[in-house]
Amino acid sequence: MTKLQPNGTLWRDTDGNPIHAHGGHMLVHDGYYYWYGEDRRDDIYVSVYRSKNLVDWDFRRHVLTVNSPCEGYRVRTDLALFREADGKKKKVNIERPKVLYNAKTKKFVMWAHYENGENYLDARACIATCDTPDGDFVYHGSFNPYGNMSRDCTLFIDNENDAYFISASRDNADLAVYRLTEDYMNVDRQVHTLFQGEFREAPALFYRRNNGKYYLLSSWCTGWAPNQGTCATAHKLNGRWSLNHPFGDKTTFDSQPSFVLPYVKENGETVFLYFGDRWGGNGDKYFTSSYIVLPIRFDEFDHAYINWCDVCEI
Ligand code: GAL
């Protein structure tokens, strides 16, 4: 059994520095777990760390910053990665970055949530790509898919082929589910609009082969403050979804979902690990936010649940 870094403490990389990978995502590639997430320091937007064992994390690079290269592509987007105010470069917001590898184009494609840095009214998706998992990503701009608002988001690959982007739309009232184009560079079709009027955000999706069900975790919208998480299930992403069922306690153990990692143990068994952000308090929210990792269990009705543990053992 391996013990992960303790829940709710400041996780550190192998240099002893705090890990800045908030609202993040993990990609498994060539035997490594790559952990991408928000890094709100200085001119940084997204950093990546990598590990072979989920315990020792090597810092690799600030993959997206205010100074990242920008390049348009066939989709019309807004390429601004910063705004000018008082004669200075001011940061925009790039939140909840998620990265998938596209085997056809051999590109690592990042989708995230863009806001202008002054308010949360632009509500756009944004895209960046790279030829390696931990190189300098090229920014391709922000846009509103089909004109929709797009806030908290996630990416998901279904059966090695189809990729999906899920994001909070209509001022967070609904969660839109989009199938992506084969290069993962645009939405190809809106296949569902979930939880009409339920204001669910922070989506995290996983698929359980045992019962052929998709599980979608989300939080309610209370800014940085945690609330009761929920989980809904479906046999098809574009099919009928169950009602949302409570997941975790009234504050999801003081966390908000960032992603779920299907972790394959040495014996071949898959354990689904819930990764949540425990955002810091007011004024301190960017530098000391910590992570909560809990193994997801399933009850007799196949409902997903988590129990608190100080240290996750895998
Ligand atoms: C939360 C969201 C975070 C961040 C925050 C800003 O609801 O999940 O990603 O956008 O609001 O207040």
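Modeller: Strands are DSSP runs of E, at least two residues long, and helices are runs of H or I, at least four residues long, both numbered from the N terminus. His303 shows how this is used: it sits in the loop between β22 (297–298) and β23 (304–305).

Colleague: What kind of model is this, and how are residues numbered?

Modeller: This is a predicted model, so local features need pLDDT of at least 70 and side-chain atom pairs count only at pLDDT 80 or more, while totals for chains, interfaces and linings use all residues. Residues are numbered from 1 along each chain as its sequence is written, and side-chain values use heavy atoms, with hydrogens and water left out.

Colleague: Is His303 buried, exposed or partly exposed?

Modeller: Start with the cut-offs. Buried means under 20% relative accessible area, exposed means over 50%, and partly exposed is in between (1.4 Å probe, protein chains only). His303 has 28% relative accessibility, so it counts as partly exposed.

Colleague: What is His303 in contact with?

Modeller: Contact means heavy atoms within 4.5 Å. Set aside the neighbours within four places in sequence, and His303 is in contact with His245, Arg297 and Phe298. His303 and Val99 are 204 residues apart along the chain, and their C-alpha atoms are separated by 28 Å.

Colleague: Where is Pro246 found?

Modeller: Pro246 belongs to strand β18 (residues 245–247). It is partly exposed, because its relative accessible area is 48%. Beyond the neighbours within four places in sequence, Pro246 is in contact with Gln228, Gly229, Thr230 and Ala304. Leu217 is 29 residues from Pro246 along the chain, and 9.5 Å separates their C-alpha atoms.

Colleague: Now the ligand. Which residues are around it?

Modeller: A residue is near a molecule or strand if one of its heavy atoms lies within 4 Å of it. Around the ligand stand Glu95, Arg96, Tyr120, Asp152, Glu201, Gly223, Trp224 and Gln256. To sort them, count Ala, Val, Leu, Ile, Met, Phe, Trp, Tyr, Cys and Pro as nonpolar, Asp, Glu, Lys and Arg as charged, and the others, Gly among them, as polar. The shell then has four charged, two polar and two nonpolar residues.

Colleague: Which atoms lie 2.6 Å apart at Asp152 and the ligand?

Modeller: Look for polar contacts. These are pairs of N or O atoms within 3.5 Å; within protein, one must be able to donate a hydrogen and the other to accept it, and residues adjacent in sequence count only if both atoms are side-chain atoms. A polar side-chain atom of Asp152 is 2.6 Å from a ligand oxygen atom. In the side chain of Glu201, an N or O atom lies 2.3 Å from an oxygen atom of the ligand. Gly223 uses its backbone: an N or O atom there is 3.3 Å from a ligand oxygen atom. Alone, the ligand exposes 310 Å², and the protein buries 87% of that. Such areas come from the Shrake-Rupley method with a 1.4 Å probe; for residues, only the protein chains shown count as cover.

Colleague: What else does the side chain of Asp152 make a polar contact with?

Modeller: Its partner is the side chain of Arg96, at 3.2 Å. A polar atom of the Asp152 side chain also lies 3.0 Å from the backbone nitrogen of Ala202. Asp152 sits in the loop between β10 (138–143) and β11 (153–158). It is buried because its relative accessible area is 7%.

Colleague: And where does Arg40 lie?

Modeller: Arg40 is in the loop between β2 (32–38) and β3 (44–51). It counts as buried because its relative accessible area is 18%. Its side chain has a polar contact of 2.8 Å with that of Glu38. Another, of 3.0 Å, joins it to the side chain of Glu95.

Colleague: Which way do the residues of β9 point?

Modeller: In a regular strand, side chains alternate between the two faces of the sheet. In β9, Arg124, Cys126, Ala128 and Cys130 point one way, Ala125, Ile127 and Thr129 the other, and all are buried. Seven of the seven residues of β9 (residues 124–130) are buried, so the strand is largely enclosed by the rest of the structure.

Colleague: How many bridges join β8 to β9?

Modeller: Two strands pair if DSSP finds at least two bridges between them. Strand β8 (residues 107–115) runs antiparallel to β9, with seven bridges. Trp111 has Ile127 as its bridge partner in β9. On to β10: β9 pairs with it over five bridges, also antiparallel. There, the partner of Ile127 is Gly141.
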